[in-house]
Amino acid sequence: MSVIVLWNFSFCKALQLLIAFVTLLCSRLSSSTEQMGDFSGCDLISNLPQAIIESILTRLPIRDAVRTSCLSTKWRYKWTTITHLSFDEKCVTLSNDRALVEQSLIRFITQALFLHQGPIHKFQLRTSYLQSCPDIDQWILFLSRNDVKELVLELGEGEWFRVPSCLFYCKKLTRLELFRCELDPPPAFKGFLCLKGLNLHQVLVTPDAIESLISSCPLLESLALSYSDSLALNICAPNLRYLCLEGEFKDICLENTPLLVAISVAMYMTDDIAEHFEQSSNCNFVKFLGGIPLLERLVGHIYFTKYLSIGNDLGILPITYNRLKIIELYQVSFEDMKEILVVLRLITSAPNLKELQISGSSNTLAAIEASDLDFWEKQCPSDCTFRRLKVVNMTDMSGVPHEMEFMKFLLKKSPVLEMMSVTPSAYVLEGQLNMLIELARFKRASPEAEVIFIQD
């Protein structure tokens, strides 16, 4: 095994040197046509295996890959068979004339596709110069006929690009990323049967369409949705492993996602969504986290713990997260007893938890006057022990009673804890010394536990 690793390392180094060499040739060719004669008899890498040459060309910027056609007659058409095409504004000469750059970019991409031979496995277009133009429709039509497997479209702000119906005929797609687009699957669309990765960023799509799209991709493993607008989302994806959600969500239900291992959620609040939350009686914790036993990493950003706290009392959780090792929860309100209960139920249901990150978001005045301090004796299981918890990071702490009780609880119940770092909120100045003194007094189950107080 060590021999193979060493060979791979040496091969990668050699490949990097070859790429650098070809890039140098391309830059010198583009800087002066008089230097062409310097390289006419210098054909050092043409006899390399075709697979290695294609690997080199794929790693070059597409503009330099096209320039290799000037190296020699042998190289004139070698770039035309590369299977990965990545375009951006660096493909053309930039100027202050935006319209000129746009037309140059369109012409470059069109000619590159026209001259290309064979399949195109990956097509990537990231540019702020193109928005909605008919040429993109033609490119996608061309790609749909060339077995494209990965498609990334990230266009400029302004008029959003309406994805043409021919996209849905790309039957071999395994990865699709769309930014600032309108997506409307045709009624006859039966799904992307090979799709494994779907990323929709600022994409206008109806709730029914997005749910249908997700459920009609049976191999889907990675899903990212961001900047959704007041969306009630029901996700049915039996092979999904990675989920990232960001936006205004009225509701989220993970109906059939038993293989999920990593989740990241950020929820933005509007008045309408807040009113919807108040009227809900369903237990969001169970609805969202009740059917994912293989979860390994959970990251909850703004309003996530608030969302999980809504609904009827949890009671005993129907699940244990035996593989959950990392939990990150941001902007937890320690004045809201239901949010505190969510955090407790979550960490006590993860017996193999190793790293915990919590940031506070408490109204200091309200939290200082907090009652129910006997909550910790009532709600914390007496036999609870975090036998594998080693690292705890507490940030934006205000030093209010329930925050301090939570840190006290962790120190008392973590026999192998190595470090607890505490960063006070930037708005708390006078109480920092008292917070530090109180932390120093807390009993620690781990003799190795180090409490680090960080002052920005």
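Tutor: Start with a definition: accessible areas come from the Shrake-Rupley method with a 1.4 Å probe, and for residues only the protein chains shown count as cover. On that basis, the accessible surface of the protein comes to about 22,800 Å², and 52% of it belongs to carbon and sulfur atoms.

Student: What should I know about the model and the numbering?

Tutor: This is a predicted model, in which local features need pLDDT of at least 70 and side-chain atom pairs count only at pLDDT 80 or more, while totals for chains, interfaces and linings use all residues. Residues are numbered from 1 along each chain as its sequence is written, and side-chain values use heavy atoms, with hydrogens and water left out.

Student: How many helices and strands in the protein?

Tutor: There are 15 helices and 15 strands. Both are DSSP runs numbered from the N terminus: helices are H or I with at least four residues, strands are E with at least two.

Student: And what percentage of residues count as buried?

Tutor: Of the 456 residues, 45% do. Buried means under 20% relative accessible area, exposed means over 50%, and partly exposed is in between (1.4 Å probe, protein chains only).

Student: What about contacts between residues at least 6 apart in sequence?

Tutor: Among those, 66% join residues at least 24 apart. Contact here means heavy atoms within 4.5 Å.

Student: OK, the core. Which residues touch the most other members of the largest one?

Tutor: F123, I263, L289, I347 and F406, out of 124 residues in that nonpolar core. A nonpolar core is a set of buried Ala, Val, Leu, Ile, Met, Phe, Trp, Tyr and Cys residues joined through side-chain atoms within 4.5 Å.

Student: Pick I347. What does I347 touch?

Tutor: Leaving out residues up to four places away in sequence, I347 touches I327, L353, L356, F386, F406, F409 and L410.

Student: And L143, where does that lie?

Tutor: In helix α6, residues 134-144. L143 is buried, at 1% relative accessible area. Setting aside residues up to four places away, L143 touches I120, F123, V148 and L151.

Student: Switch to rings. How many aromatic pairs?

Tutor: The count is 9. The rule takes rings of Phe, Tyr and Trp (its six-membered ring) and pairs them if their centres lie within 6.5 Å; planes under 30 degrees apart count as stacked, over 60 as edge-to-face and the rest as tilted. Take F168 and F189: their ring centres are 4.9 Å apart and their planes at 65°, so that pair is edge-to-face.

Student: Where do F168 and F189 sit in the chain?

Tutor: F168 is in the loop between β4 (161-162) and β5 (175-182), and F189 is in the loop between β5 and β6. F168 is buried at 2% relative accessibility, and F189 is buried at 14%.

Student: How are the rings of F168 and F192 arranged?

Tutor: Their centres are 6.1 Å apart and their planes at 15°, so they are stacked. F192, in the loop between β5 and β6, is 24 residues from F168. F192 is buried too, with a relative accessible area of 1%.

Student: Which residues form an aromatic cluster?

Tutor: F87, F108 and F123 form one.

Student: Now helix α15. Which of its residues are buried?

Tutor: Q432, M435 and L439, in a helix that runs over residues 432-441. Seen down the axis, they fall within an arc of 60°, so they line one face. The arc is that of the directions from the helix axis to the C-beta atoms. On the other side, L433, N434, A440 and R441 are exposed.

Student: What covers the buried residues of α15?

Tutor: The cover includes β13, α14 (401-413), β14 (419-424) and β15 (450-453).

Student: And α7, which residues are buried there?

Tutor: In α7 (residues 207-215), A209, I210, L213 and I214 are buried. They fall within an arc of 130° seen down the axis, so they too line one face. Their cover includes β6 (197-204) and β7 (222-236).

Student: Last one: what is phi for Q331?

Tutor: About 55°, a positive value, although Q331 is not a glycine. Q331 is in strand β11, residues 326-332, and is partly exposed at 39%. D396, in strand β13 (residues 391-397), also has a positive phi, near 55°.
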